[in-house]
Amino acid sequence: MLAGALEARAVGAEQVRTIAATMGTLPTAMPILEREWWEKFLVEQAGALDPRQLDQVAAAVLDAADPDGTLDETQTRTRMEFSWGSRNARTGRTGRTGLTGG
């Protein structure tokens with residue numbers, strides 16, 4: 001969709017960057033049909049808006065696409081965190097930390 005719009009000169013380079021960055025930020029767990037819908041929506045908006053306005057729409061898309069954060073792939077069942085060592089009273093951190101999984 002985006003490539004076709006660029007080829008048809010319906011969108012410019014700045015708009016392509018905005019759309020590509022937005023699509024790359026959408027959660028990977030999002031269903032493909034929903035991802036395609038958002039891409040189509042952004043391309044349609046790019047045809048009617050200047051790059052600054054499209055940036056604002058893209059920010060709203062990210063908020064609307066996963067409003068409750070349920071598609072965040074860093075949920076605890078897929079990623080575990082561990083730490084050990086004495087806790088620093090000032091920072092609250094331990095000496096060692098790490099992430100596994102994912």
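Trainee: Why is threonine 18 called buried?

Mentor: Buried means under 20% relative accessible area, exposed means over 50%, and partly exposed is in between (1.4 Å probe, protein chains only). Threonine 18 has a relative accessible area of 13%, so it counts as buried. Before we go on: this is a predicted model, where local features need pLDDT of at least 70 and side-chain atom pairs count only at pLDDT 80 or more, while totals for chains, interfaces and linings use all residues. Residues are numbered from 1 along each chain as its sequence is written, and side-chain values use heavy atoms, with hydrogens and water left out.

Trainee: Where is threonine 18 found, and what does it touch?

Mentor: Threonine 18 is in helix α2. Helices (H or I, at least four residues) and strands (E, at least two) are DSSP runs, numbered from the N terminus. Leaving out residues up to four places away in sequence, threonine 18 touches Leu54, Asp55 and Ala58. Contact here means heavy atoms within 4.5 Å.

Trainee: What pattern does the protein chain follow along the sequence?

Mentor: The pattern reads α-α-α-α-β-β, which comes to 4 helices and 2 strands. Of the chain's 102 residues, 25% count as buried.

Trainee: Which residues of α3 are buried, and what puts them on the same side?

Mentor: Arg35, Trp38, Leu42, Val43 and Ala46 are the buried ones. They cover an arc of only 135° around the axis, so they sit on the same side of α3. That arc is taken from the directions from the helix axis to the C-beta atoms. On the other side of α3, Leu33, Trp37, Gly47 and Ala48 are exposed. The buried residues pack against α1, α2 and α4.

Trainee: What makes alanine 46 count as buried?

Mentor: Its relative accessibility is 3%, so alanine 46 falls under the cut-off. Not counting residues up to four places away in sequence, alanine 46 touches Ala10, Val11, Gln15, Ile19 and Leu54. Alanine 46 and alanine 10 are 36 residues apart in sequence, yet 7.9 Å apart in space, C-alpha to C-alpha.

Trainee: Why is the pair of tryptophan 37 and phenylalanine 41 called stacked?

Mentor: Rings of Phe, Tyr and Trp (its six-membered ring) pair if their centres lie within 6.5 Å; planes under 30 degrees apart count as stacked, over 60 as edge-to-face and the rest as tilted. A search of the whole structure finds 3 aromatic pairs. In this one the centres are 5.5 Å apart and the planes at 5°, so the pair is stacked.

Trainee: What kind of pair do tryptophan 38 and phenylalanine 41 form?

Mentor: An edge-to-face one, with 6.0 Å centre to centre and 90° between the planes. Ring pairs link Trp37, Trp38 and Phe41 into a cluster.

Trainee: Are phenylalanine 41 and tryptophan 38 buried or partly exposed?

Mentor: Phenylalanine 41 has a relative accessible area of 23%, so it is partly exposed. Tryptophan 38, at 12%, is buried.
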